[in-house]
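Let's take a walk through this fold together, one region at a time. Please have the sequence and the model side by side as you read.

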Amino acid sequence: MTPYKTIIEPFRIKSVEPIKFTDRPHRDAALAAAGHNVFLLHAEDVLIDLLTDSGTGAMSSQQWGALMQGDESYAGSRSFYRFRDVVRDLTGFEHIIPTHQGRAAERILFHTQVRDGQIVPNNNHFDTTRANIEVEGAEARDLVIAEGRVPAKMHPFKGNVDLGALEHLLEDDRRLHGGTRVPLVMVTVTNNSGGGQPVSLENLKGVRRLCDKYGKPFFLDACRFAENAYFIKLREPGMRDVPPRDIAREMFRLADGCTMSAKKDGLANIGGFLALNDGAWAEAARNLLILTEGFPTYGGLAGYDLEAIARGLEEVVEEPYLRYRIRSTEYLGDKLVAGGVPIIRPTGGHAIYVDARALLPHIPPLQYPGIALANALYLEGGIRGVEIGTVMFGLHPDGSETPAAMDLVRLAIPRRVYTQSHIDYVAEVVLSVARQAAPLRGYRIAAAPKVLRHFTARFEPL
């Protein structure tokens with residue numbers, strides 16, 4: 001490792017894709033046609049696409065080479081066993097069930113194990129996790145520590161679970177419901193809804209102790225497990241000399257299973273898995289998998305997808321990659337903080353989260369300041385981010401609406417896609433919008449579905 005401060009990407013670029021430049025009138029028309037919802041834009045009309053880091057990364061030459069090894073047999077393919085062995089070696093879990101992406105793993109887990117009226121605690125549930133719990137008639141309860149709800153508050157592990165609140169919930173479950181109301185405990189690493197913030201190994205051990213005390217299964221939402229492992233290496237006492245792979249293995253060892261979107265820290269464009277140790281739970285999951293996804297040795301994926309994921313899971317825990325990944329995100333955060341833009345601090349692993357409520361205090365939460373900011377970024381510079389706030393989390397199953405805990409705009413950075421000059425441009429655009437924030441106005445919802453409305457809602461400016 002060199003002493004120099006310049007970020008150097010741990011790869012060379014062997015193939016490039018042109019991007020389309022647009023002017024302000026073109027973007028005005030495109031956003032209006034999309035109902036002022038950046039999800040509904042045509043991707044070719046976006047200059048820098050930071051909507052999500054899910055499935056948007058660039059695969060390595062070794063991953064592309066692995067595609068040619070794909071065995072497309074319907075049942076028992078060689079590619080499945082390669083995938084299974086890599087996941088098993090990393091996680092230690094016995095039963096490895098491939099799915100087409102992470103939300104499919106969530107659906108299978110919650111549909112088979114969660115019932116009406118139950119509560120699933122987490123540090124923070126993300127959108128599809130919450131929706132898959134709520135569709136079963138259960139409650140997705142967020143128990144992140146108090147620091148995790150304050151964007152400007154500095155804390156090394158703002159994704160930590162409030163262990164006191166978790167124990168209170170589990171004790172009430174035992175005392176009032178005979179231990180039947182909480183079917184499992186979940187922790188998201190890193191904590192996406194709370195700013196891509198990590199969870200400490202000490203906190204995960206605390207969750208494990210409570211799960212043992214109250215007899216509850218413990219699951220990880222492991223989409224960004226490698227980034228979380230690297231934060232542990234950087235920030236947790238005594239971990240500096242431990243390789244990220246070993247830290248990740250210790251994280252998984254503390255749990256009974258995990259859901260995983262391989263579109264994040266699997267470094268693949270599609271895929272995911274459910275992994276667990278309980279044989280009865282695995283049998284129920286496989287039976288549902290066959291009904292909705294496919295045979296248990298492909299789970300809705302092609303053999304070449306399984307090969308790409310297997311290789312990606314090996315690459316993602318390599319320290320040069322993780323050093324670059326975390327530092328390059330921090331680089332953008334540093335530029336915005338220097339320019340006075342309010343963001344969640346410290347910088348998370350996969351994204352910068354701009355505090356729209358602080359930047360646009362004149363827009364009430366129920367007029368969706370996150371939508372106003374996301375649209376302004378697109379109009380100003382062709383950048384597409386995503387609202388993480390009242391539109392995404394403010395609607396309740398009974399149809400009522402309240403402001404979310406925070407109104408954020410996430411700028412999620414695809415893995416191995418953009419160069420430092422792209423990120424410098426993003427910083428310039430964000431700073432320009434921040435300087436012109438006062439005239440921005442809120443939005444109303446013109447049309448929206450009852451579940452996961454942020455994906456397809458249409459808005460009207462106020």
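**A residue among its neighbours**

Leaving aside residues up to four places away in sequence, R384 touches V38, F39, L41, A43, V46, I48, D49, L50 and L51, where a contact means heavy atoms within 4.5 Å. You are looking at a predicted model, in which local features need pLDDT of at least 70 and side-chain atom pairs count only at pLDDT 80 or more, while totals for chains, interfaces and linings use all residues. Residues are numbered from 1 along each chain as its sequence is written, and side-chain values use heavy atoms, with hydrogens and water left out.

R384 belongs to strand β10 (residues 383-384). Helices (H or I, at least four residues) and strands (E, at least two) are DSSP runs, numbered from the N terminus. Is R384 buried or exposed? Its relative accessibility is 5%, so R384 counts as buried; the cut-offs are under 20% relative accessible area for buried, over 50% for exposed and partly exposed in between, with a 1.4 Å probe and protein chains only. One of its contacts, D49, is 335 residues away in sequence, yet the two C-alpha atoms are 5.0 Å apart.

Now turn to strand β12 (residues 408-412), where 5 of 5 residues are buried. In a regular strand the side chains alternate between the two faces of the sheet. Here L408, R410 and A412 point one way from β12, V409 and L411 point the other way, and all are buried. Strand β9 (residues 351-355) pairs with β12 in the antiparallel sense over 5 bridges, and A351 stands opposite A412. Two strands count as paired if DSSP finds at least two bridges between them. β11 also runs antiparallel to β12, joined by 3 bridges, with V386 opposite R410.

Another set of strands is worth a stop. Here 5 strands form an open sheet with mixed pairing, in the order β2-β8-β7-β6-β5. β2 (95-99) and β5 (185-188) are the edge strands, each with a single partner strand, so one side of each has no neighbour in the sheet. From one strand to the next the twist averages 15 degrees. Axes are lines fitted to C-alpha atoms, for helices over the stretch in contact, and angles run from 0 to 180 degrees between N-to-C directions. Within this sheet, β7 (residues 257-261) and β8 (residues 272-276) run antiparallel and are joined by 5 bridges; S261 stands opposite G272. Helix α4 (residues 102-113) packs on the sheet, touching β2, β5, β6 (218-221), β7 and β8, and its direction makes about 150 degrees with that of β7.

For a helix pair, look at α1 (residues 24-33) and α14 (residues 369-381). Their axes come within 7 Å and cross at roughly 145 degrees. R24, R27, D28, A30 and L31 of α1 meet N375, Y378, L379, E380 and G381 of α14. By class, this contact has 4 nonpolar, 2 polar and 4 charged residues; Ala, Val, Leu, Ile, Met, Phe, Trp, Tyr, Cys and Pro count as nonpolar, Asp, Glu, Lys and Arg as charged, and the others, Gly among them, as polar.

On a 1 Å grid over the protein atoms alone, a cavity is a set of points where a 1.4 Å probe fits but cannot get out, a pocket is an open set with protein on both sides within 12 Å along at least five of seven lines, and lining residues have an atom within 4 Å of a point. Grid points are joined across faces, edges and corners, and a volume is the space filled by probe spheres set on the points. The second largest cavity holds about 80 Å³, and α14 gives the most to its lining, with 3 residues. Among the lining residues are V38 and F39, which also touch R384. The largest cavity has a volume of about 130 Å³, and E9, Y324, S328, Y418 and I423 are the closest to its centre of the 14 residues that line it.

Finally, the largest pocket has a volume of about 1400 Å³. Of its 38 lining residues, I13, S15, A58, R416 and V417 lie nearest its centre.
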